[in-house]
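Have a look at the structure first, and then we can walk through it topic by topic.

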Amino acid sequence: MKSLATFVFTLAVAVWMAAPAQAGTVSGSVKLQGSAPAAKKLTVNKDQQVCGKEKTSEELVVGAGGSLRWAVVTVEGAKATASGKAVLDQKGCVFMPHILVAGPKQQIDIMNSDGILHNIHTYSTKNAAMNVAQPKFKKVINAKFDHPEVIKVNCDVHGWMQGWIVVSDAPAAVTGADGSFSIANVAAGKYKVKVWHESLGEQTKEVTVGAGEAKVTFELAKK
Amino acid sequence: MQAPDPPRRSRWRWLPGWATIPIERRSYRRVFFFCSGLLTVATLWTVIDESLVRRPWKNFQAEFNRLERAKARAELQEAQKKFAEERRAEVQQLAASLRQAEQALQGAPYTAAVAALDRASLELEDITQERQFAKSELDEAYYFYEKALKERGQAGARAEKARVDRLEKFIAALDPKIEAATRRRDQGKEAVERFTKPVNELRDKIEQARSEIHRLEAYLGAIDKRQLEIRQVVLREADRNKFEEPVMRVDRCETCHLAIEKPGFEQAKQPFRTHPMREALLGLHPTNQFGCTTCHQGQGHALGVKEAHGEVEFWETPLLRGRFVEAGCRKCHAQEHQLNVVLTTTDGLSLAQRMDKPVKMPTPAGDGQAAAPKEMKISLLPLATRLTMGRELFERLGCHGCHAAKGFEDLEKVGPDLTRIKAKVSPEWIVRWLKDPKAYLPHGRMPNFGFSDGEVRAVAAYLLASSQPWRPPETSHGGGSAERGKQLFDSLGCRACHSLREVDRKEPERAQQQAEREQRQVIRRDFAPDLSRVATKVDPHWLYAWIRNPKGYNLRTAMPNLRLSEQEARDLVAFLMSLASPAAVPALAAEPASPDLVKQGEAIIGKRGCFGCHAIKGFEKAQRIAPELSNFANKRLRELFFGHAFQIKETWLDWTVNKLRNPQIYATEQVAQIMPNFRLSDEEIGALVLLLKSFKDEKVAPRLVKALSEGEQAIVEGRRLVRRYNCTGCHILEGGGGEVLAFYPEKAFGPPPLHLGPPPLLSEGEKVQADWLFSFLKGPSPIRPWLTVRMPTFQLTDEETSRLVQYFLALSDMPLKLESPESMTMAAETKRAAEVLVSKDYFNCFTCHVQGQKKPEGPPEGWAPDLVLAKTRLRPEWIARWLQNPQLVQPGTKMPSFFPGGPSDILGGNDQRQITALTEYLMTLPGGAQPTAVARRRR
């Protein structure tokens with residue numbers, strides 16, 4: 001009897017240990033096809049002592065070799081493991097990060113590090129739209145979005161402030177300054193990997209994930 | 001040998017051999033058998049015919065009972081399944097407890113308690129009875145005592161007195177015993193109840209869990225017991241006859257249409273379908289008051305399918321099928337131009353879904369905002385929309401100019417005034433226009449009269465000859481920039497009424513916007529002319545004068561004054577004149593108009609009724625030229641002239657549809673048809689035919705006719721003005737309109753574009769002070785400095801203005817009074833608190849809001865309305881509601897919500913107190929203009 005229990009326990013441990021070995025990582029990079037345009041400048045026309053004089057638009061950030069920042073890559077159909085809190089800060093009259101990825105119903109803390117009036121105005125159709133003021137005394141606003149959607153966020157007080165909250169029920173990552181991304185812990189299988197960029201649109205590629213790393217590279221063209 | 005008798009003509013020759021049978025031996029049994037057989041068959045046939053063949057409704061009722069039973073059974077099964085899934089465990093537990101409790105009833109303690117209770121009850125009963133007997137005895141003793149007292153005096157009655165006293169004492173002694181016995185009995189009862197109460201409670205709970213099942217079982221039982229019977233509504237007074245006498249109406253429609261008032265059969269096949277929009281329509285028109293045929297027509301008392309629908313010969317009012325049912329609305333709702341229903345519900349969305357109508361609800365906001373209120377008002381769900389479209393078309397196309405029709409009497413002429421036409425347009429243009437109006441304005445409403453070249457010249461000659469001199473003010477129109485003019489045209493709001501389709505064709509984006517704008521229109525006819533080729537039509541000098549002051553040329557025009565500066569007007573003229581070059585058409589100019597030609601023109605105008613739509617000199621008193629339509633729906637076939645159009649089926653509907661499609665179709669060599677061709681689309685024809693179907697001379701019982709309340713009357717009249725001045729070209733009103741918003745796209749995707757186009761007028765009456773609204777409509781002043789679109793001055797009369805104000809008040813359910821709220825005062829402490837609240841470190845209101853001369857930082861498109869205006873413009877109750885949750889008042893607004901979650905260190909952190917303080921602060925904020933004199937003058 002005892003030996004049977006030990007056997008079952010060992011088997012369970014073995015299965016548990018084996019599980020991560022079957023998961024892989026999807027990684028790669030996103031590039032802009034063609035030449036990069038000069039970064040757009042945004043004039044700051046109010047609250048200059050806090051916000052500064054000029055901002056660089058994050059709508060299209062292209063690095064060396066056409067690497068594209070702020071693109072969101074999603075492994076569709078895979079299970080997300082996001083947990084804990086996500087944080088969206090407003091610092092120097094810029095949303096930080098410019099694009100926040102969150103899971104459905106994940107708690108998002110919206111901070112105001114500037115100490116001046118901002119407002120969080122979301123544009124969404126599947127989730128309830130919100131437009132909440134965040135004056136100096138309100139340090140944190142708790143937000144939660146129930147349904148997967150790409151939600152535009154802006155601040156009506158400071159017209160140039162624009163950001164995005166990508167609510168995704170699949171694992172997702174935002175490309176860094178070098179255009180690279182990496183999504184770990186994707187169970188083995190065949191997936192569609194989608195990239196979305198706010199001004200360049202979408203692209204989908206198929207990828208097979210086994211143990212180890214699956215590479216995908218995207219090239220987005222200007223519309 | 002006797003010669004045989006000549007063969008007799010026998011009566012029975014058809015029964016061979018019968019005559020030879022001796023009379024006493026003849027048998028009639030076959031005859032009797034045959035006849036009785038015949039009688040039996042006839043009886044059977046009678047019974048069958050009477051009960052089934054002539055009672056088709058019985059089959060319908062039986063079928064419906066089957067249908068309803070099946071539905072109830074399915075529901076019962078569902079309920080049982082649900083019960084099994086959700087409540088079985090619970091009920092089993094309850095049943096176990098019940099068994100336990102019931103077991104206690106078997107035990108000795110319970111038996112003892114019952115026995116004790118019985119004993120105590122018996123004891124109490126005994127003592128009570130004893131007391132009753134003693135009381136009777138006392139009554140008797142007292143009688144004898146009184147008798148003795150009367151007969152023998154005090155002394156003689158001593159013995160009787162003693163008896164009375166004894167009995168009284170005896171009774172007094174019984175009372176505490178009774179009390180004690182009662183107490184014992186109550187205790188006994190309690191003791192017993194301690195055992196029985198849980199049993200009863202458990203039984204109740206088990207029943208409760210099964211209540212739905214029981215309800216459905218009872219329902220099924222009721223269906224089984226149902227008799228097949230005629231169901232009817234008797235209306236004592238439904239109509240009036242020619243002598244104003246009430247006419248009774250009996251509607252038996254529900255004998256077959258059994259689910260009309262039953263929800264749950266929306267998808268069933270006819271005749272078992274639930275009435276569409278049952279709650280709204282039957283809620284307003286209960287069948288026991290309105291019957292069915294009052295709206296639907298048909299032969300209400302008939303019970304056969306064809307007969308009941310009135311689709312038999314000689315029945316004059318057959319069922320209004322399909323959307324023609326909307327024609328039935330007008331007999332009681334003649335005054336209202338559009339019909340809608342106001343619905344209040346606790347679950348707005350589900351109601352909207354039940355009614356298959358998309359109703360946009362303000363989205364309940366996320367974190368940090370108050371949830372949407374439970375009770376939601378979906379105001380103004382439009383009903384009978386095709387009828388509304390028909391009415392709108394009838395008015396818009398100016399049908400009333402030539403045809404009289406009840407309900408369309410006091411309407412303006414729809415075409416422009418032609419009494420000063422010479423100053424406005426070129427003679428060549430008149431000729432081209434009259435020849436083919438659609439060639440110049442494909443979306444216009446001027447119909448084609450099919451004039452010959454000669455006729456065209458004659459009409460033009462008369463118009464020019466009768467034209468009065470008009471001298472525009474002496475200002476030069478030259479020196480404008482077409483480029484600036486284009487910008488002005490696109491941004492001022494000209495496109496709310498005018499379009500530029502040919503120009504837009506070169507700009508796909510604009511064309512797209514134009515298409516989107518047309519999507520928003522109910523009537524796909526331009527309210528004002530397309531200006532793509534206006535340069536080929538008008539004189540630039542006239543154009544300049546016109547756009548600067550339209551009423552200066554035509555007092556009755558709907559074109560408002562946009563308060564253009566001289567430069568703006570010059571730029572616009574330059575732009576419009578640059579769009580096309582005046583094409584020279586060799587036509588009239590070369591030929592000097594002869595008096596004969598002018599006379600001929602006058603005759604044509606008189607015959608074709610041009611003055612029905614246009615003011616023309618010399619035709620001020622002319623009468624309408626075409627037949628009255630007030631009773632058109634009742635026209636008999638023999639009254640309709642089909643001419644040689646043999647291909648057309650001889651029905652009212654076919655005649656009408658084809659007449660509208662091509663008015664010339666019934667013309668013959670003998671009979672000319674003078675109605676012009678409006679080039680109506682099929683959709684437009686459908687709407688107009690529906691309207692014509694409603695033109696009926698009917699006397700409805702006065703109790704059925706919709707009596708408008710003061711507020712409803714205000715809405716009806718307001719809507720007329722809204723149509724006249726095309727307010728919905730810019731503003732979203734009553735859930736529709738806002739056409740021009742198509743040209744002010746929001747760059748972001750998502751909620752409606754709010755801050756760049758004209759503001760939507762949602763609950764305006766509740767928002768602004770009536771006095772302010774009055775003065776604003778009389779002389780608009782900018783409220784939102786960042787808007788390029790400009791609210792024009794409509795030069796409304798005082799009466800029109802107060803009507804509009806009342807319209808807005810009525811839409812918001814406000815009392816129809818032009819009153820300002822009383823001026824507010826503020827406690828010093830509250831004021832200090834409010835000042836802190838609006839300050840930079842708190843709500844920082846003035847980072848966006850203008851405050852009189854103090855403008856916020858940044859570009860104007862980031863600004864918000866001047867808060868100094870609030871005290872003269874806004875109602876304090878609205879400010880409070882707005883501050884509480886702006887998104888609920890105006891979904892999509894830029895104004896963020898600050899509550900709940902006001903700062904904890906102000907006014908005790910109480911949101912309501914903070915909102916009140918801010919409201920009072922705004923209502924007392926100094927600065928700005930005082931209410932103008934116009935406002936005080938009111939009506």
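In chain A, strand β5 (residues 86-90) runs parallel to strand β8 (residues 108-112), and five bridges join the two. Strands, like helices, are DSSP runs numbered from the N terminus (E, at least two residues, for strands; H or I, at least four residues, for helices), and two strands pair if DSSP finds at least two bridges between them. This is a predicted model, in which local features need pLDDT of at least 70 and side-chain atom pairs count only at pLDDT 80 or more, while totals for chains, interfaces and linings use all residues. Residues are numbered from 1 along each chain as its sequence is written, chains are lettered from A and ligands numbered from 1 in the order in which they are written, and side-chain values use heavy atoms, with hydrogens and water left out.

**The three-stranded sheet of chain A**

- Another open sheet, also of mixed pairing, has three strands in the order β15-β1-β18 (chain A).
- At its edges, β15 (180-187) and β18 (212-221) of chain A each pair on one side only.
- From one strand to the next, the twist averages 25°.
- Strand β1 (residues 23-33) of chain A pairs with β18(A) in the parallel sense over 10 bridges.
- A:V26 has A:A214 in β18(A) as its bridge partner.

**A helix pair in chain B**

- Helix α22 (residues 652-661) and helix α23 (residues 682-693) of chain B have axes that come within 10 Å and cross at roughly 130°; axes are lines fitted to C-alpha atoms, for helices over the stretch in contact, and angles run from 0 to 180 degrees between N-to-C directions.
- The angle makes α22(B) oblique to α23(B) (under 35 degrees is roughly parallel, over 145 roughly antiparallel, 65 to 115 roughly perpendicular, the rest oblique).
- Residues making the contact (heavy atoms within 4.5 Å) include B:W652 and B:L660 of α22(B) and B:I685 and B:L692 of α23(B).

**Where the chains meet**

- Chain A contributes 26 residues to the contact and chain B contributes 33 residues.
- About 2,500 Å² is buried between chain A and chain B, with 56% from carbon and sulfur atoms (accessible area, 1.4 Å probe, that two parts lose on being put together, summed over both).
- In chain A, A:Y123, A:N131 and A:F137 lose the most area to chain B, together 23% of what that side buries.
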